[in-house]
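Please open the model in your viewer and keep the selection tool at hand. We will go from stop to stop, and at each one you will hear what to select and what is there.

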Amino acid sequence: MRIEFRTGKHTDVTCDLMAVPVFEEEVKDAAALRELDRASRGVLKAALASGEFKTELHRTCLVHRPAGFKAGRLLLIGGGKRSDFVLARLREVAGAAVRAGRSAACGSVALLARGGHPLGEAARVCTEGALYGNYEPDDYKTRDWESREVDEFVFVSEGEARSREIQQGILRGIVIGNATNLARNLVNEPANILTPTRFAERALELGAEAGLEVQIIEQEEMEKLGMNTLLAVSRGSEQPPKLIVLRIKDQERKAGKGVPLYALVGKGVTFDSGGISIKPAEKMEEMKADMAGGAAVLGAMIALGQLRPHNRVIGLIPAVENLPSGRATKPGDVVKSFLGKTVEITNTDAEGRLIMADVLAYARSQGATHLVDIATLTGACVIALGWHNAGVMGTNQSMIDRLRKYCSVTGERLWQLPLDDEYRKILRSEIADIKNVGHRYGGAITAAKFLQEFVEDTPWVHIDIAGVDMDHEGRPFAAKGGTGFGVRTLVQLFVAPFRE
Ligand code: BES
Ligand code: ZN
Ligand code: ZN
């Protein structure tokens, strides 16, 4: 999709569809409503009076051949309360406009930027939202009956012509929006296509284009390194495990004593059957998405490779398949981790923490001073928080606070869960240093406690995305399926934070 911008009157923009957000406060204020209604020559008031249009968020009303417009169609779109209209909402509105354009067979969609945000930031989030909305997981459909892609998105600003700011915002938006869709696409890929090997190949291809150095650590090397909790997971599969390591080119120059190195670690289980502790058949197909954390790290690193952050960042993705077989790890098996601690594996379905434990410890051995991990780790997190917040835990409160503050910009909501020492006792093993599963209560927390054992005193943040990796319902601004959750949050951590 091409992204353009225009400054000037929105009624003069030639396009197939011109989307105009309308806020609740405006329709309650007679003078503001009159002003807005004048541009649409009465359409807005009529649409409101008929009850067809309401200003609630994402609500739309499509009008053909609107008088006074150069656009073929006018899309009124609810912005909700203007006072709640944070950048995340503007991104959604841009996505909803593009999706409305898709289903109305419009090749070009324009959006009038309203809401009073700084223009560079507005242009960035609108670009991200437009790319997000245009995405459809239809690679495997031999025919698409439903909608056509939008070819062009136009960001329209009636205010001051801040072209440089807008242009820069659009460029960033393209990088982040494409990286998010890339992560979504990987999540949507079926597990017969996206094996650990294919995941590694994709990282090599895409990483090279984005200015990353990509290294793949193979099984033999893992064996030498003693990554036995990771290897315990892949044992049951015919597919060899891969550890994908992503570095930003030329960043090593910045290395030196006291210069922090951030490691992003993403769970890359390309299919989680549960292993010998096998899962029930119902919804097992959703476990193709158990690599969503890895996809978020790959997406974020690809974006950062292009955005060139000031901080040193590396990405690590353990990619494995968790299957039962005659070779598979059995409940009760004991293995020695990369760090040297021994683990009793009482449940092979708690495999995410096993691969993450070794890779978090490995990241530290590579000089990481700060750790951020992201994983579809526990069903318990979905029980606790549902589908609209990821769980966040960790030992670096200032980073957690920073991440949570970004939510209104990124739209990726994080809710902190506690990490008190009492939860550690649940993982005591009779025969090893730790077991991988306790009881079911507080399962998202005990999983994090398990990881904590392997990060030791390195500042660390853990994001459990089990409930947010996939959208099960579809939204006005997004197709069902992979959400790419985490890409924007991880990128935001390293690019100069946008003012909210
Ligand atoms: N990949 C799952 C967690 C998951 C569940 C992600 C639902 C997305 C949706 C993870 O590997 C797992 O199976 N966890 C077990 C842990 C249990 C055995 C302690 C779980 O949550 O049931
Ligand atoms: Zn599992
Ligand atoms: Zn899993």
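**Before you start**

This is a predicted model, in which local features need pLDDT of at least 70 and side-chain atom pairs count only at pLDDT 80 or more, while totals for chains, interfaces and linings use all residues. Residues are numbered from 1 along each chain as its sequence is written, chains are lettered from A and ligands numbered from 1 in the order in which they are written, and side-chain values use heavy atoms, with hydrogens and water left out.

**Stop 1: the zinc ion (ligand 2)**

Select the zinc ion (ligand 2) and show the side chains of D272, D349 and E351. The ion is coordinated by D272 (OD), D349 (O), D349 (OD) and E351 (OE), at 2.0 to 2.2 Å. Donors here are N, O and S atoms within 2.8 Å of the metal (3.2 Å for Na, K and Ca); water is not among the atoms, so sites may look incomplete. Along the chain, the donors of this ion follow the spacing D-x76-D-x1-E.

Which geometry does the site of the zinc ion (ligand 2) have? Its six donor atoms make angles of 70 to 165°, and the site is irregular. For the labels, four donors count as tetrahedral if all angles lie between 85 and 135 degrees; four count as square planar and six as octahedral if opposite donors are over 155 degrees apart and all others between 65 and 115; anything else is irregular.

Now colour the chain by secondary structure. D272 lies in strand β10 (residues 268-272) and E351 in the loop between β13 (342-345) and α11 (352-365), so the pair ties together parts that are 79 residues apart in sequence. Helices (H or I, at least four residues) and strands (E, at least two) are DSSP runs, numbered from the N terminus. Both D272 and E351 are buried, where buried means under 20% relative accessible area, exposed over 50% and partly exposed in between (1.4 Å probe, protein chains only).

**Stop 2: the zinc ion (ligand 3)**

D272 bridges the two zinc ions, ligand 2 and ligand 3, which lie 3.2 Å apart. The zinc ion (ligand 3) is coordinated by K267 (NZ), D272 (OD), D290 (OD) and E351 (OE), at 2.0 to 2.4 Å. In sequence, these donor residues are spaced K-x4-D-x17-D-x60-E.

The arrangement around the zinc ion (ligand 3) is octahedral because its six donor atoms subtend angles of 78 to 174°. K267 sits in the loop between β9 (261-266) and β10, and D290 in the loop between β10 and α10 (292-307), so this pair joins parts that are 23 residues apart in sequence. K267 and D290 are buried.

**Stop 3**

On a 1 Å grid over the protein atoms alone, a pocket is an open set of points with protein on both sides within 12 Å along at least five of seven lines, a cavity is a set of points where a 1.4 Å probe fits but cannot get out, and lining residues have an atom within 4 Å of a point. Highlight α12 next: the largest share of this lining, four residues, comes from α12.

Then select Y132, G411, R475, F477 and T483, which lie nearest the centre of the second largest pocket, lined by 30 residues. Its volume is about 500 Å³. Here α4 gives the largest share of the lining, five residues.

**Stop 4**

Hide the surface and select A232, V233, N322, T329 and T348. They are the closest to the centre of the largest cavity among its 14 lining residues, and about 70 Å³ of space lies in that cavity.

The second largest cavity has a volume of about 60 Å³. Residues in its lining include H10, V20, L36 and F69.

**Stop 3: E92**

Finish by selecting E92, which is found in helix α4. E92 is buried, with a relative accessible area of 11%.

Key:
Grid points are joined across faces, edges and corners, and a volume is the space filled by probe spheres set on the points.
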